[in-house]
Structures are given as C-alpha cells and as structure tokens.
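Dear colleague,

I am passing the structure on to you here, with its sequence, and my notes on what turned up in it follow below.

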Amino acid sequence: MRGSGYVTAVSVAHQRGSVEDIDAAAADSQRAGVEELLDAPGVSEAFVLQTCNRTERYVVTDDPSAGQTALSGAITDVSDAAVVEMGHEESLRHLLRVAAGLESLVPGEDQILGQVRDAYEDARAADGLGPVLEEALTKAIHVGERARTETSINEGVVSLGSAAVELAERECDLDAARALIVGAGEIATLAAKALADRSDVEHLAVANRTVSHAEHVASVVGVESEAIGLDDVPAALNRAEVVVSATGSPDPLLEPAAFETAGETVVVDIGQPRDVSPAVDERTTVDVFDLDDLEAVTAETRANREAAAATVEDIVADELAHLLTRYKRSRADDVISTMYESAERVKAREVEQALSTLDLDDDQREVVEAMADSLVNQLLAAPTKSLRDAAEADDWATVDTALRLFDPDFGDEEFPPSVAGAEGTVPEHVSTAVDADD
C-alpha cells in the first residue's frame, strides 16, 4: 500500500513531569530530534515539539511496535511516571488538544499555537513530514485557530510571561518597584509587556546576550526601561526587587554570587532548562519560583475557562472525527485506485482488440472508447462507495478482500483500525461520482 502509516507518540509534560524531566527528555533541537527519529528502523515520518513545559515526539510507522521502539530509544533518563505513551488515535487527539491550548500550563495560552507552527517548519526542514503528519499538523493548527477565534479560551492570563508577572504580584508589591527581565525572546517580551501593563513599576531593565535584541524589547514597553548585556546583570540585580528570567540557555545564567549584594528579591524562573541555579534559593533574601510554582497561579484561570474549554473539547472531537475519516477514506482510495487501475488495464486491452477488428473512423473509435469508459465507471461506482463506507466503519476485512480481488500481487498485509493512508490516485471523475452520493 502507498503512504500508509500508524501514528505513535510520547509526551513528557508539566502534568506529570518535573522541569528536570522535561529537560532530560529534550533533544538538542526540534530539527535534530526529527532527524534522530527518522534514522530509527521503520520510521517514515517524524515530528518533535519542545516548549518550556513539554517535550513530545511523534512518528509514523507501518507497524505500531516499530514506533514504540523508536520512541523508547529517544526518551532516556526520565522517570517512567513522567512519560505518557500514545497510540494512533490518542496521539492525534492529543496533538489537536495541544494546539488548542487544552494541554497548556496556562489553558488557552496563545504561544503554543505559534510553537506548533515553528515545530512544523522544523520537521519540514528535516524532511520529517509526509502525508500522514502533514494532514495531522494542518488539522491541529486549524483547531488551534478555531479555539481562539470561536471561544474565550484565551481570555485573561494567556501566557507564561503574564502568569509569571501574576505570581510576582502575589509575592511582592510591584508599585514603584524596579524590575529585571532576563531574555529577549517571545516569552520574555510578553513578561516585559505584562509588567508594564499590570503594574506601576518604576524602572525595567532588559538583559540579553545580544543587546540589540534587549533594546527591541525595551522599546515596546510603556515604562522607563533600559537594555543591558548579561555582564551587567549582577549590578542590575542589586537594584531590582523582581526578576523574571526566560531564556533558552543550556546552562544557568544566575548563580548565587550574582545575588551576593542584592536585597530582598523575588525571582520567577521560566527558562527551560532553568536559568537560575538551585543554590540561589538557599539565600534568605531571595525567593525563587519556577514553572512548577505557576500551577497555583493558573488554577484560577483554569477554573474561569472551564465553559470555554468544554466548547473547545467539542471542536477537537468534531475535527478529530473529520481527520480520522479523511485518513480512512484515503486508505480506501488507495484500494479504489488499485481497483480502477486493474479495470483500466482490462478495458484498454479489450477495446484495443475490438478496434483492431473493426474498420472505424476517428469519431466512431471515440464513441467506442467513451462507451468503455462509461461501463467501467458505472460498474465500479457502487463498489467504490462500498469500499469508502467500509473504511469509515473500520471494516478492513472488506477492504482486504477487495485488494485480493483486484491486485494479484497483494500479500498478507493487515489493516489495523484507524490506520492512516496517503491520498490514492483515483481518477477525478470517480471521486466526483461517489461524493455525489455521500
């Protein structure tokens, strides 16, 4: 069969895993993770999503056990309790829920949809996408867009950056405070904007390895601000009452020595991996909070969005049903294509033989050929619809029988329920005739 595949996935996320678990499960990069999976035996497609609070891998294989083996080899040094393994339909449902924001630490947060899009581009650049994951990811992005435009799932605290500021507000008075943002990426920018929008901070410093990037962040906030390099962070810590750190640095950027002369400081570390050394929390003048602590902040938001989330769940269920139907129809189209190819061969042979015995002009030959085409289409219209109905009903025995009837080279391939497939090469007039009956 052409383009068939079974999706298998594994996830290490904030619901069951710690920050250390998520970090340990991560590949060097999303693209590197895809390339690693594609090297595993039996893997035809791969997708990797890595964010602050999740590391997930998806593969497409002909045999589910090959997918499980490939994923188990990619996730090591992580406690079993933190790892969630998923089969075909469960993987697809989870992917749609992730893009919709239902699996996020902050329900409905906007950043995850952009992160899914970025991961999609990384997988495509690594040649990891084929007909199965291309269809799934396109559907996931569509679901994410519907969730945000048709419901209120993203109202209120909708990002890790704004959640970090909410947590800081609970721990200290931000009015007239001096604040420091470490990082200049999307989440750091959101934290800087949230600080400016939600409080009356007196001064905001933005620190980054590339100062020009910090200057850009400083330019978009509505309070007095300055951009500094990482070398200037210790001096900025001496003046700051609140710090939000959100970088992608592989090593801690804030060590205990940096706080040696700092006063009372609230630090919210949303870097992945952690930006703040664990030893910093031992200082009596510094209170450090990380991603795990944001659960309490987001609990209220989660409660307020239950009604919207229920609507999003309905969207996910509806779109998942459409996705599975498309996969099943695609698999049926593969069989239908084989059926038509077989019939076309017989038709061409018989027409050629008949025409060779008749003395017909071009117009007459066209009439004979058109009649043969019409006969093939009429004879196969009913079996075509029956095969598509059988696929949607998971009646793979019927599909299997059809292949054996029309493909003499067909072997003993089994069709597991809900297995995805590529679009078949069914003639355009066939699809039109069958769809008219649906």
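Ala176 is exposed, with a relative accessible area of 51% (exposed means over 50%, buried under 20% and partly exposed in between, with a 1.4 Å probe and protein chains only). Ala176 sits in the loop between α7 (160-171) and β5 (178-182), where helices (H or I, at least four residues) and strands (E, at least two) are DSSP runs numbered from the N terminus. Although Ala176 is not a glycine, its phi is positive, at about 65°.

Please bear in mind that the model is predicted, so that local features need pLDDT of at least 70 and side-chain atom pairs count only at pLDDT 80 or more, whereas totals for chains, interfaces and linings use all residues. Residues are numbered from 1 along each chain as its sequence is written, and side-chain values use heavy atoms, with hydrogens and water left out.

Asp127, in the loop between α5 and α6 (131-150), also has a positive phi, near 60°, without being a glycine, and Asp127 counts as exposed at 64% relative accessibility. Most residues other than glycine have a negative phi, and most peptide bonds are trans. Against that background, please look as well at the peptide bond between Gln272 and Pro273, which is cis with omega about 0°; Pro273 belongs to the loop between β9 (265-269) and β10 (286-289).

Gln272 returns in the largest pocket, where Gln50, Thr51, Thr247, Gly248 and Gln272 lie nearest the centre among 27 lining residues. On a 1 Å grid over the protein atoms alone, a pocket is an open set of points where a 1.4 Å probe fits, with protein on both sides within 12 Å along at least five of seven lines, and lining residues have an atom within 4 Å of a point. The space in this pocket is about 720 Å³, and β2 gives the most to its lining, with three residues.

The search of the whole structure finds one aromatic pair (ring centres of Phe, Tyr or Trp, the last by its six-membered ring, within 6.5 Å; planes under 30 degrees apart are stacked, over 60 edge-to-face and the rest tilted). The rings of Phe47 and Tyr58 have centres 5.7 Å apart and planes at 50°, so this pair is tilted. Because Phe47 lies in strand β2 (residues 43-51) and Tyr58 in strand β3 (residues 54-61), the pair ties together parts eleven residues apart in sequence. Both Phe47 and Tyr58 are buried.

With best wishes

Technical notes: Points joined across faces, edges and corners; volume = space filled by probe spheres on them.
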